[in-house]
Amino acid sequence: MSVTTAPPVAAEKEPRAPAPGGEPPRRRWRWSPNQLRRWISPIALVAIWQIASGTGVLPPDKLAAPDVIVRSAWDLAVSGELGEHLVTSLSRVAIGLVIGVTIGLAAALLSGLSGWGNDLVDPPLQMLRTLPHLGLVPLFILWFGIGETPKIALIALGVVFPIYLNVHGAIRGVDPKLLEATSVLGFTRAQRIRHVVLPSALPNALIGLRQGLGIAWLSLIIGEQVNTESGIGFMINNAREFLRTDIIVVGLLIYAALGLITDALVRLLERRALRWRLNALR
C-alpha cells in the first residue's frame with residue numbers, strides 16, 4: 001500500500017520590517033482623482049482670463065492676457081535682463097537673511113539660556129516687534145541713505161523677530177523632566193545645552209526660518225520700491241511707468257515662485273534634520 005504525500009506548501013513571505021533606524025520603503029506617487037480635480041479651477045480661471053482679454057472685455061492696460069505675459073517672460077529671460085534683476089534681488093535677500101538669522105539666534109540663545117540675559121534682551125525686542133517694520137522705511141532712508149543698506153536692513157529686521165520668538169520659546173519650553181534626567185546622569189551645563197536644549201529648539205528654529213523667509217520676500221518688495229536701479233522691484237516700477245502690465249505680472253509671479261521655492265527648500269531641510277522625530281512618530 002503506497003502512501004502519497006502532498007507537496008509542501010510554500011510559506012507566505014511576511015513583509016520585511018524596516019531596519020532599526022532605517023527608512024520605510026517608499027511608495028510610488030500616483031495621480032489621484034482628487035489631485036486632478038484641484039487643477040480644474042485654476043485652469044478654468046486662466047481660460048476665462050484669456051477669453052476676456054481676447055474679446056476686449058479686459059483691456060491690456062488693466063491686465064495683460066496670459067499668452068502675452070508668457071511671451072514677455074520669455075523675452076526677458078532670453079535677453080538676460082530677467083537674470084540680472086533676479087540675481088540682484090536674491091543677493092539682497094541672502095545678505096539680509098544671514099544677518100537677521102544671526103542676530104535672532106544670538107538674541108534667543110542669550111535670552112533663553114540666561115536669566116539676566118532674558119531680563120536685558122527680551123523686553124526691548126518684545127517692544128520692537130510690535131512696530132510695523134515696513135513703516136520704518138522713511139527712517140531707514142534718513143539713517144542709511146538710499147543705497148543698498150536700508151533695503152538689507154529692512155529684510156534683516158523682518159527676519160529677526162520670527163527667529164527670536166520661535167527659538168526663545170522653544171528653549172524656555174524644554175521638558176523639565178529631560179533636564180532633570182540630565183542632572184541625574186551628571187551632564188554638565190554645556191552637555192545639557194548641546195544634547196537636550198538645542199535639539200529641542202531645532203523644530204521651532206526651522207519654523208521661524210520659514211516665517212522669516214516669507215517676511216524677507218515681503219520686505220524685499222517694499223525695499224525695492226525705493227530708488228533702485230536693479231532688481232525685480234525696479235523691473236516692476238519701470239514697467240508701471242510704461243503701463244506694461246505684462247511685465248508687472250511677470251515680476252509678481254517671480255516673487256511668488258521664489259517664496260514657494262525657498263519654503264520648499266526649508267521643508268526639505270526640516271525633513272532631513274528632523275528625521276529622528278519622524279521615525280519616532282511611526
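**Reading helix H5 and the core**

Modeller: The largest nonpolar core has 41 residues, and Val159 and Ile232 have the most contacts inside it. Such a core is a set of buried Ala, Val, Leu, Ile, Met, Phe, Trp, Tyr and Cys residues joined through side-chain atoms within 4.5 Å. Helices H3 (66–79), H4, H5, H7, H9 (189–223), H10 (232–241) and H11 (245–273) each give two or more residues to this core. The model is predicted: local features need pLDDT of at least 70, side-chain atom pairs count only at pLDDT 80 or more, and totals for chains, interfaces and linings use all residues. Residues are numbered from 1 along each chain as its sequence is written, and side-chain values use heavy atoms, without hydrogens and water.

Colleague: What is valine 159 in contact with, leaving aside its neighbours within four places in sequence?

Modeller: Contact means heavy atoms within 4.5 Å. For valine 159, the list is Leu97, Gly100, Val101, Gly212 and Ala216.

Colleague: Which residues of H5 are buried?

Modeller: Buried means under 20% relative accessible area, with a 1.4 Å probe and protein chains only. An α-helix has 3.6 residues a turn, so residues three or four places apart point the same way. In H5, Gly117, Asn118, Val121, Asp122 and Leu125 are buried. Their cover includes H4 (81–113) and H7 (149–172).

Colleague: Where does H5 kink?

Modeller: The bend at a residue is the angle between axes fitted to the seven residues ending there and the seven starting there. H5 has a kink of about 30 degrees at aspartate 122, shortly before proline 123.

Colleague: Is aspartate 246 buried or exposed?

Modeller: Aspartate 246, in helix H11, is buried, because its relative accessible area is 6%.

Notes:
Helix = DSSP H or I, 4+ residues; strand = E, 2+ residues; numbered from the N terminus. Buried < 20%, exposed > 50% of the residue type's maximum accessible area, 1.4 Å probe, protein only.
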